[in-house]
Amino acid sequence: MFDKDFLWGGATAANQYEGGWQEGKKGISTADCCTRGSKTEPRKVTYKTKDGNIKADNLFGMEINDDVEFGCFEGYDYPSHRASDFYNHYKEDIALMAEMGFKCYRMSIAWTRIFPNGDEEEPNEEGLKFYDQIFDECLKYGIKPLVTLSHYETPVGLVNKWGSWSDSRTIDCFLRYVKSVGERYKDKVKLWLTFNEIDSIIRHPFMTGGLIESRFKPEEFEEVEYQAMHHQFVASALAVKITHENIPDAKVGCMLTKLTYYPYTCKPEDLLEQQQRMRQIYCYSDTQVHGEYPKYLLQMYKNKGFNIKMTDEDLKIMKKYPVDFISFSYYSSSCVAADTKGLEMSAGNTETAIKNPYIPSSDWGWQIDPIGLRISCVDLYDRYRKPLFIVENGLGAKDTVEADGSINDDYRIDYLREHIRQMYKAIEEDGVELMGYTTWAPIDLLSNSTNQMSKRYGFIYVDVDDYGNGTYKRSKKKSYDWYKEVIATNGSSILDD
Ligand code: BG6
């Protein structure tokens, strides 16, 4: 049986769920400048060139060669501006989560609701009030909010001004925001995460860090990414400090994308490749948990001739304020090999890797591997010996609404049941300490990689399509009652059969 205090729930992110992009004096974030994509076409980000032309470029591989201003422009469709319209449906949505028995709701605060441009001196009261209402609504039902401070939405004001996280001045802006929300919500929020999937700055530097490749020489950009990462490490450590000062009983975690790789064969070269690849992910949590850079990362800087600016004071801060727990997302696993020639590739969470012939794939090509979740839990717990929290796990799929209005998402139930069973084995058989499990996502919202609504994750269906057509009416899918039962029985409904 799961611990009686186990935090069952679901997770969302402001830019994918809230809509209301200009309500309450909200500013524009990087996510607001992204257009709709599709399964085969990535979403694009829009900007104005120096000579006034408006353009759009691939978010995951920008080829801009000018100093541009990012923003939202007429003639483009920006799904985040409407998303699932949580902004106007929050009472109904939280009531539905409460009815499912949620103990915890992971969500993010949109930084641009609190500091619209990112660099104001004072917070925006309307933005603060909005989240007061959300937290009050959660607490009314006994749901603990778990809040991500930064989930893929840097204020565009900071991006245009100085390239956001590539510049150390962003640290102060971020900390002003952290201080404001900590002071304001100190009695309401006790669980915090600093940066969502902090490791992703290397895979998608604009989305995660607001970095603009065209402002640097091509040969310099990788160094810039690691410099920005350093700024985020310092900001994260100081966020831990500030949050503990504001809220002595708070717990602050890091958050990583748990990309789980298997060697494609038992050739030593493939295992070495896998080990190297995992280090590219672990270098973030290694730093945030141990409070210091791992030797292998410093060696990499040296070998590449990088000169990452870090002061003694930065290093002291990082050492003094490590995170209290480790949270992560887990969706799938994939394979790696030293030589990928001729091997079939497969899509994954913001990456492409070798297809594993032993496991199935989702509608979007992500490989489904429940055992990989157990392996991930064991790896992380053995490495850090700190409590873990699975803050994202779920299946993005196409749902069909039947003539009678029902949605029979047995595929989602199968996916979640098998993952929960493996998570249970990690606790019961492997001795892993797990604080909770929040599925991605309890309700349909925009996909991060494609900005589509039709890649649905929820237990709750939202009647809106990729183009924003629909009533936004909420309805329960078959998985809704299933998850409700899982929570009500503290997992035993799916562990006993
Ligand atoms: C995680 C992100 O990586 O994956 C979420 O933190 C995202 O923001 C989730 O939504 C699922 O990915 P996608 O692309 O299917 O939405």
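**Labels and their criteria**

Author: In the chain, 74% of the contacts with a separation of 6 or more are accounted for by residues 24 or more positions apart, a contact meaning heavy atoms within 4.5 Å. This is a predicted model, in which local features need pLDDT of at least 70 and side-chain atom pairs count only at pLDDT 80 or more, while totals for chains, interfaces and linings use all residues. Residues are numbered from 1 along each chain as its sequence is written, and side-chain values use heavy atoms, with hydrogens and water left out.

Reader: How do you know that the radius of gyration agrees with that of a compact globule?

Author: The radius is taken over C-alpha atoms, and the globule rule is 2.2 Å times the number of residues to the power 0.38. For 497 residues a compact globule would have a radius near 23 Å, and the chain has 21 Å, which agrees. The C-alpha trace spans about 55 × 55 × 50 Å along its principal axes, and 61% of the 497 residues count as buried.

Reader: Why is Tyr152 called buried?

Author: Buried means under 20% relative accessible area, exposed over 50%, and partly exposed in between (1.4 Å probe, protein chains only). Tyr152 has 4% relative accessibility, so Tyr152 counts as buried. Tyr152 is placed in the loop between strand S6 (144-150) and helix H5 (156-162), and has a positive phi of about 55 degrees although it is not a glycine.

Reader: What makes Lys190 partly exposed, and what does its side chain meet?

Author: Lys190 has 29% relative accessibility and therefore counts as partly exposed. Its side chain meets that of Asp249 in a salt bridge, at 3.2 Å from N to O; a salt bridge is a side-chain nitrogen of Lys or Arg within 4 Å of a carboxyl oxygen of Asp or Glu. Asp249 lies in the loop between helix H8 (221-246) and strand S8 (251-257), and Lys190 in the loop between helix H6 (169-184) and strand S7 (191-195), so the pair ties together parts that are 59 residues apart in sequence. Helices (H or I, at least four residues) and strands (E, at least two) are DSSP runs, numbered from the N terminus.

Reader: Why is the pair of Arg106 and Glu392 called a salt bridge?

Author: The closest N and O atoms of Arg106 and Glu392 are 2.9 Å apart, which is to be set against the limit of within 4 Å. Arg106 lies in strand S5 (residues 104-108) and Glu392 in strand S14 (residues 388-392), so this pair ties together parts that are 286 residues apart in sequence. Both Arg106 and Glu392 are buried.

Reader: What makes Asp399 and Lys477 part of one network?

Author: Asp399 forms a salt bridge with Lys477, with the closest N and O atoms 2.5 Å apart. Salt bridges that share partners join Asp399, Asp409, Arg412, Asp444, Arg456 and Lys477 into one network. Asp399 and Lys477 are both buried.

Reader: How do you know that Asn451 is buried, and where does Asn451 lie?

Author: Asn451 has a relative accessible area of 3%, so Asn451 is buried. Asn451 lies in the loop between S15 and S16, and has a positive phi of about 65 degrees although it is not a glycine. Ala441 is also found in the loop between strand S15 (434-440) and strand S16 (460-462), and a cis peptide bond, with omega about -10 degrees, joins Trp440 and Ala441.
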